[in-house]
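Dear colleague,

I am handing over the structure below for your files. My notes on what was found in it follow.

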Amino acid sequence: MNILLGVSSGIAIYKAVDLASKIRKEGWNLKVIMTENATKLISPVVFSSVGNCEVYTDTYEIEKGWIIHTEVSKWADIFVIAPATANTIAKIAHGFADNLLTTTALAFNKENKVIVPTMNTRMYENEITTENIEKIKTLGWKVIEPEAGHLACGDVGKGRYPENEKIIEFLKIISEDKPLSGKKVLVTAGPTREAIDPVRYISNHSSGKMGYAIAKMAKRLGAEVCLITGPTCLQYPYYVDSIVYVESAKEMFDVVLENYNKCDILIMCAAVADYAPIESAKEKLKKTHERLIIELSKTPDILDYVGHNKKDNQIVVGFAAETQNVIENGYEKLIRKNADVIVANDAKIAMGSDNNQVYLIFKDKATVVLEGSKEEVAKELLKRICSLL
Ligand code: PMT
């Protein structure tokens with residue numbers, strides 16, 4: 001994929017250097033255009049070295065006999081301007097072409113053009129900037145909203161440059177096909193915690209990585225995504241439509257019940273605790289007993305409930321975390337819980353790791369092996385599910 005990064009002279013320009021690096025790490029091709037003012041803040045050599053790419057600054061530069069703005073605008077699949085100052089946005093909104101960046105913006109006629117406004121809050125909230133941002137949206141620019149927080153000038157408010165990971169995720173979303181467009185997907189992820197007392201709980205080693213990867217990929221493939229997650233240490237997946245944080249199996253069950261009717265595809269990846277203490281002590285248990293017996297009872301089985309109450313047009317995908325006879329035990333769960341597909345995996349390999357190997361088991365016993373990073377597995381899994389729709 002060819003990315004053209006436009007850089008204007010916001011003070012967040014140093015973050016755009018890291019964006020250049022991240023774009024290259026994705027394996028994408030990169031070219032950079034800087035405004036003259038941007039070059040006063042950071043040398044083009046920095047972008048060229050970090051991005052290992054050509055950097056253009058001058059409309060009248062002679063490059064292999066190219067007319068730069070027309071050639072790079074033909075070359076790029078995505079044009080992203082980050083940071084985009086109020087001045088550059090204003091020029092683009094009104095069709096000015098007085099430097100290489102704005103000239104290229106005028107010449108770029110493809111769908112994927114992205115702008116990351118970054119400036120002081122008062123400039124961002126100024127009516128004219130608001131109007132200009134609305135105007136460029138009508139011209140087809142996709143705007144990544146700035147974050148709120150502490151700004152370089154000491155002010156606090158909206159205008160901060162967003163995380164580069166968020167920008168990269170946006171670029172991935174806009175460049176993917178959308179086979180799940182119009183579909184609502186519910187994903188459960190992570191472990192649950194069953195309280196013993198206010199400071200202790202029963203849980204498992206699920207990190208949430210597999211479920212979060214599914215939620216993220218479902219969004220990239222065009223779905224409206226609701227993620228219901230137990231406690232994890234993960235960054236929430238950007239652009240997922242709604243995220244509900246829960247602790248216990250009972251809480252997860254209640255939230256799934258509130259939401260499952262509205263969804264087309266349900267993917268139960270959470271490692272829900274099978275048992276919970278019958279009673280959770282109000283105060284921290286004291287170490288007064290030689291032996292402590294905690295009585296447990298079964299938690300509600302969410303997949304079982306959803307599997308037996310699904311509508312005809314809903315697809316229910318369960319997971320099976322096994323440590324032996326992975327395929328046989330997975331198939332048994334598919335039948336018992338009335339799922340449409342079971343994703344069986346070896347819990348000892350899958351839990352916590354970045355990669356996974358799973359067996360997709362269908363009702364007719366057809367089995368497909370998927371292997372790779374959890375994101376790769378998630379994407380392939382969702383594509384296979386699409387074929388059932
Ligand atoms: O989170 P990671 O570190 O990335 O690890 C990923 C994973 C190993 C947790 C994931 O790939 C996985 O296998 N998830 C299912 C874990 C599990 O609880 O499996 P199970 O075989 O015990 O349960 C079978 C199915 O019933 C699962 O879909 C589970 O969500 C569901 N279940 C289980 C118990 C319960 N009370 N309610 C449920 O809905």
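Helices (H or I, at least four residues) and strands (E, at least two) are DSSP runs, numbered from the N terminus. This is a predicted model, in which local features need pLDDT of at least 70 and side-chain atom pairs count only at pLDDT 80 or more, while totals for chains, interfaces and linings use all residues. Residues are numbered from 1 along each chain as its sequence is written, and side-chain values use heavy atoms, with hydrogens and water left out.

Surface patch

Isoleucine 294 sits in the loop that runs between strand S15 (275-277) and strand S16 (296-298). Its relative accessible area is 32%, so isoleucine 294 is partly exposed (buried is under 20%, exposed over 50%, partly exposed in between; 1.4 Å probe, protein chains only). Together with Tyr275, Leu292 and Leu296, Ile294 makes a nonpolar surface patch of about 350 Å². Patches are made of residues with over 30% relative accessible area and no salt bridge; like charges are joined within 9 Å, nonpolar side chains (Val, Leu, Ile, Met, Phe, Trp, Tyr) within 5 Å. A salt bridge is a side-chain nitrogen of Lys or Arg within 4 Å of a carboxyl oxygen of Asp or Glu.

Ligand

The ligand is surrounded by 28 residues, the closest being Ser206, Ser207, Lys333, Asn345 and Gly352 (a heavy atom within 4 Å). A backbone N or O atom of glycine 352 is 2.6 Å from a ligand oxygen atom, and a polar backbone atom of glycine 208 is 2.8 Å from an oxygen atom of the ligand. In the side chain of threonine 299, an N or O atom lies 3.2 Å from a ligand nitrogen atom. On its own the ligand has 760 Å² of accessible area, and the protein covers 96% of that (Shrake-Rupley method, 1.4 Å probe).

Aromatic pairs

There are six aromatic pairs in the structure (ring centres of Phe, Tyr and Trp, its six-membered ring, within 6.5 Å; planes under 30 degrees apart are stacked, over 60 edge-to-face, the rest tilted). Phenylalanine 253 and tyrosine 305 are edge-to-face, because their planes stand at 85 degrees, with centres 5.6 Å apart. Phenylalanine 253 belongs to helix H11 (residues 249-259) and tyrosine 305 to helix H12 (residues 302-309), so this pair ties together parts 52 residues apart in sequence. Phenylalanine 253 is buried at 14% relative accessible area, whereas tyrosine 305 is partly exposed at 30%. Tyrosine 305 also pairs edge-to-face with tyrosine 260, at 6.1 Å centre to centre and 85 degrees between the planes. Tyrosine 260 is buried, at 6% relative accessibility.

Regards

Methods
A polar contact is a pair of N or O atoms within 3.5 Å; within protein, one must be able to donate a hydrogen and the other to accept it, and residues adjacent in sequence count only if both atoms are side-chain atoms.
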